[in-house]
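Here is a short report to read beside the model. Keep the sequence and the structure open as you go.

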Amino acid sequence: AVAVAITILYLELLPELTPALNPAPKRPSIEVSFRELAGDALEIAAKTDARGEIEYELLDSSSKTVLSGRVENGTLRFTGLEPGTEYLAKLRIQGEELVEFPFRTFGPIDSLQGYRLFYFVDLTDTKASRVKVTIFGQFKYCGDIALRRYTYSFSPDTGMDIIEGPIVEFQRASGSASVSRVGSSIESVQITPNSSYGYFRLEYTCDKSKSKKTTIHGVAGHLSEVYFMASHEQFLIFPVITEEEQLRWFALSPVTHAGWKLHTWWNRSEIGILYVPLNKVGLENLFEVFAPTHFYAYDPVYFAEFRRKVAETNILVVKERTIADPWENYIFEIYSKMVDYWGGDADYRRYNYSDYVVMLVDDSEAIWAGEYTDAQGFSVRGHRYDYEMAAHQIFHRWNGWAIGIGVTAPGGENPAFWLEGWNEFYCDKVATELGLISSHSYMKDWYDYYKGIYGTERDGPLVYYDPEKQDPRFPYSKGAVAVLPLIHI
């Protein structure tokens with residue numbers, strides 16, 4: 001009877017275990033390059049490493065087939081399209097769908113005063129872990145067009161890992177461009193049209209393999225054969241916007257292997273195009289929001305989704321199936337504890353961040369996709385500080401970022417004590433109460449760490465923390481230790 005029960009349990013788990021036990025057989029691949037986007041046309045180059053011709057199908061927003069056929073001589077050009085209209089393209093080999101991407105043609109240029117942008121983010125080069133970003137622009141009677149990399153958790157010279165480009169070419173127009181790079185990252189691109197109207201194409205490629213690591217969080221965003229997990233500052237540049245109406249002037253297309261799922265900060269149209277969520281952003285915090293918000297894509301064969309509403313927040317945990325521990329429950333329980341500590345959920349009156357996503361990948365290496373009000377993504381390494389990572393970022397929904405309680409720091413004061421010290425105290429408290437760690441072991445670690453810098457030049461007053469002179473973990477260690485007596489006053 002025991003043997004029968006074990007056999008039944010194994011058969012029930014088999015669909016969950018299959019990806020790990022039997023990796024998917026090698027599939028043919030299609031490499032695409034985006035050449036031109038206009039009001040009535042899209043042109044791409046497409047090639048494959050497999051035998052057989054590449055077939056295409058173009059659908060409109062009602063899922064009606066508009067065009068179909070075979071790619072000739074490596075070039076596919078969709079013409080006669082409606083301006084300002086959304087479409088979905090699918091590429092196949094021998095009937096097997098391999099690549100899909102939505103796009104929107106530019107609107108009529110006669111109605112334009114300024115510029116519009118459309119992004120393609122190509123996530124199909126999963127073997128080399130290269131993310132290719134192609135930005136098309138349409139302009140009329142505008143001055144310089146400026147794009148820049150917004151940073152939040154990274155210094156300007158780290159985290160992006162550019163290996164090709166950026167290149168800028170004008171189409172049906174002329175002009176010039178200047179590119180500023182710092183380290184391995186793009187700082188800014190300035191495009192200066194000489195023509196009254198026309199189009200341009202900007203392209204660059206980021207290395208999102210494990211070969212690129214940062215000193216604090218390890219791999220800064222990663223594209224594997226089964227997922228992409230990153231924050232915007234790890235691969236995107238954005239237009240410099242001065243008017244809220246301009247937030248409507250650009251959109252983005254994720255280019256993925258067929259069947260992949262997507263979760264991002266953006267609002268998504270029915271056909272799959274991503275638009276700036278005006279309910280989550282305003283010009284006053286644009287710099288902050290464009291940098292750390294999330295962009296996750298994955299093959300659902302290898303990932304499971306878990307959903308629960310806690311207080312007023314809809315939590316989605318996307319977990320790689322090879323992670324055995326019930327991390328979905330850890331996330332739900334940590335969030336519930338935070339709601340109890342704060343006496344209520346985060347404040348959604350101004351911006352609606354009631355959807356919260358946590359993506360967890362199974363890797364012994366540190367992989368980090370950023371942290372913000374909307375999401376966090378990281379690798380579960382089997383280390384006891386994995387729990388601290390999850391709790392720390394959840395706590396920040398209340399005491400920082402887009403909707404958290406800010407702190408005024410006049411006269412050279414530093415808010416790190418409020419932002420990080422209090423946070424670490426509660427990370428220890430929640431992890432201890434949930435039985436995730438031995439009793440208050442995080443606090444013991446911080447106490448021992450602070451003892452090592454106590455009274456040295458790396459020590460100092462908490463509210464006047466100077467990151468140039470003091471220990472980088474000073475506000476975390478001394479901050480957490482200092483909260484303990486305050487709690488009992």
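## Confidence

This is a predicted model. The protein averages a pLDDT of 92. A score of at least 70 is reached by 94% of the residues.

Residues 1-22 have a pLDDT below 50. Beyond near neighbours in sequence, this stretch has 8 contacts in the model. Where pLDDT is low, the predicted coordinates should not be read in detail.

## Cysteines

The structure holds 0 disulfides. A disulfide is a covalent bond between the sulfur atoms of two cysteines.

Cys-206 has 0% relative accessibility, so it counts as buried. Cys-427 also counts as buried, because its relative accessibility is 0%. The cut-off for buried is under 20% relative accessible area.

## Helix 4 against helix 5

Two packed helices are described by the angle between their axes and the distance between the axes. Helix 4 spans residues 385-399, and helix 5 spans residues 416-433. They pack at an angle of about 130°. Their axes lie 9 Å apart. Helix 4 and helix 5 are therefore oblique to each other. The crossing is right-handed.

## Helix 3 against helix 5

Helix 5 also packs with helix 3, residues 327-342. The angle here is about 120°, and the axes are 11 Å apart. Helix 3 and helix 5 are therefore oblique to each other. Their crossing is right-handed.

Helix 3 contributes Ile-334, Lys-337, Met-338, Tyr-341 and Trp-342. On helix 5, the residues they meet are Trp-418, Tyr-426, Lys-429, Val-430 and Glu-433.

## Ser-441

Where does Ser-441 sit? Its place is in helix 6, which covers residues 441-453. Is Ser-441 buried or exposed? Ser-441 is buried, because its relative accessible area is 8% and the cut-off is under 20%.

Which residues does Ser-441 contact, leaving aside its neighbours within four places in sequence? Ser-441 is in contact with Arg-384 and Asp-428.

Technical notes
Residues numbered from 1 in each chain as written. Predicted model: local features only at pLDDT ≥ 70, side-chain atom pairs only at ≥ 80, totals over all residues. Heavy atoms only, no water. pLDDT = per-residue confidence, 0-100. Contact = heavy atoms within 4.5 Å. Disulfide = S-S within 2.5 Å. Buried < 20%, exposed > 50% of the residue type's maximum accessible area, 1.4 Å probe, protein only. Axes fitted to C-alpha atoms, helices over the stretch in contact; angles between N-to-C directions. Helix = DSSP H or I, 4+ residues; strand = E, 2+ residues; numbered from the N terminus. Parallel < 35°, antiparallel > 145°, perpendicular 65-115°, else oblique. Left-handed = near helix turned anticlockwise from the far one by under 90°.
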